[in-house]
Amino acid sequence: MNPIIALLKENNISDERINEIFQVLTENPMAAMLTISQLGLPQEQLQQVMGQVMLNPTLIKEAVEELGLDFSKVEKAKEQLDNQ
């Protein structure tokens, strides 16, 4: 299991909420960061999740695929951020 998903599940984040988070992440990474920060995770775990999301796009891709979401949206969002 993807470590980001595993950490969220360890903190009793529902599967539905995890899907929502990654859906937002594929459409708007900055909004996803805000969403993640509002989950009520302990500070050290919040930093761990944020670090993984920001520094390891491969984990995001794996999580998106594991959840059956469309990774091409992540690529489009990344391009939009790069072009600003």
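1. Let's start with the overall burial: of the 84 residues of the chain, 38% count as buried (buried means under 20% relative accessible area, exposed over 50%, and partly exposed in between, with a 1.4 Å probe and protein chains only). Keep in mind that this is a predicted model, where local features need pLDDT of at least 70, side-chain atom pairs count only at pLDDT 80 or more, and totals for chains, interfaces and linings use all residues. Residues are numbered from 1 along each chain as its sequence is written, and side-chain values use heavy atoms, with hydrogens and water left out.

2. What is the secondary structure of the chain? It comes to six helices and zero strands (helices are DSSP runs of H or I with at least four residues, strands are runs of E with at least two, and both are numbered from the N terminus). Read from the N terminus on, the elements go α-α-α-α-α-α. As for contacts in the chain with a separation of 6 or more, 54% of them come from residues 24 or more positions apart (contact means heavy atoms within 4.5 Å).

3. Now for helix H2. Its 13 residues reach 18 Å from the first C-alpha to the last, close to the 18 Å expected at 1.5 Å a residue (the expected span is 1.5 Å times one less than the number of residues). Ile18, Ile21, Phe22, Leu25 and Thr26 are the buried residues of H2. Looking down the axis of H2, you find these buried residues within an arc of 135 degrees, so they line one face of the helix (the arc is that of the directions from the helix axis to the C-beta atoms).

4. How do H2 and H3 pack? Helix H2 (residues 15-27) and helix H3 (residues 29-37) pack at an angle of about 150 degrees, and their axes are 6 Å apart (axes are lines fitted to C-alpha atoms, for helices over the stretch in contact, and angles run from 0 to 180 degrees between N-to-C directions). That makes H2 roughly antiparallel to H3 (angles under 35 degrees count as roughly parallel, over 145 as roughly antiparallel, 65 to 115 as roughly perpendicular and the rest as oblique).

5. Who meets whom in that pair? From H2 come Arg17, Ile21, Val24, Leu25 and Glu27, and they meet Pro29, Ala31, Ala32, Thr35 and Ile36 in H3. The residues of this contact divide into seven nonpolar, one polar and two charged (Ala, Val, Leu, Ile, Met, Phe, Trp, Tyr, Cys and Pro count as nonpolar, Asp, Glu, Lys and Arg as charged, and the others, Gly among them, as polar).

6. Take a look at two residues in H3. Threonine 35 sits in helix H3 and is buried, with a relative accessible area of 16%. Not counting residues up to four places away in sequence, threonine 35 touches Arg17, Ile21 and Val24. Leucine 34 is also found in helix H3, but leucine 34 counts as partly exposed at 48% relative accessibility.

7. Which residues of H4 are buried? They are Gln45, Leu46, Val49, Met50, Gln52 and Val53. Seen down the axis of H4, the buried residues fall within an arc of 160 degrees, so they line one face of the helix. What covers them includes helix H1 (3-10), H2, H3 and helix H5 (57-66). Over on the other side of H4, Gln43, Glu44, Gln47, Met54 and Leu55 are exposed.

8. Glutamine 52 deserves a point of its own. This H4 residue counts as buried at 17% relative accessibility. Glutamine 52 touches Pro3, Ile4 and Leu59, leaving out residues up to four places away in sequence. Glutamine 52 and isoleucine 4 are 48 residues apart in sequence, yet their C-alpha atoms are 7.3 Å apart in space.

9. On to H5, where Leu59, Ile60, Ala63 and Val64 are buried. Down the axis of H5, its buried residues fall within an arc of 135 degrees, so they line one face of the helix. After H5 comes glycine 68, with a positive phi near 75 degrees.

10. One last backbone detail. Most residues other than glycine have a negative phi. Asparagine 12 has a positive phi of about 60 degrees although it is not a glycine.
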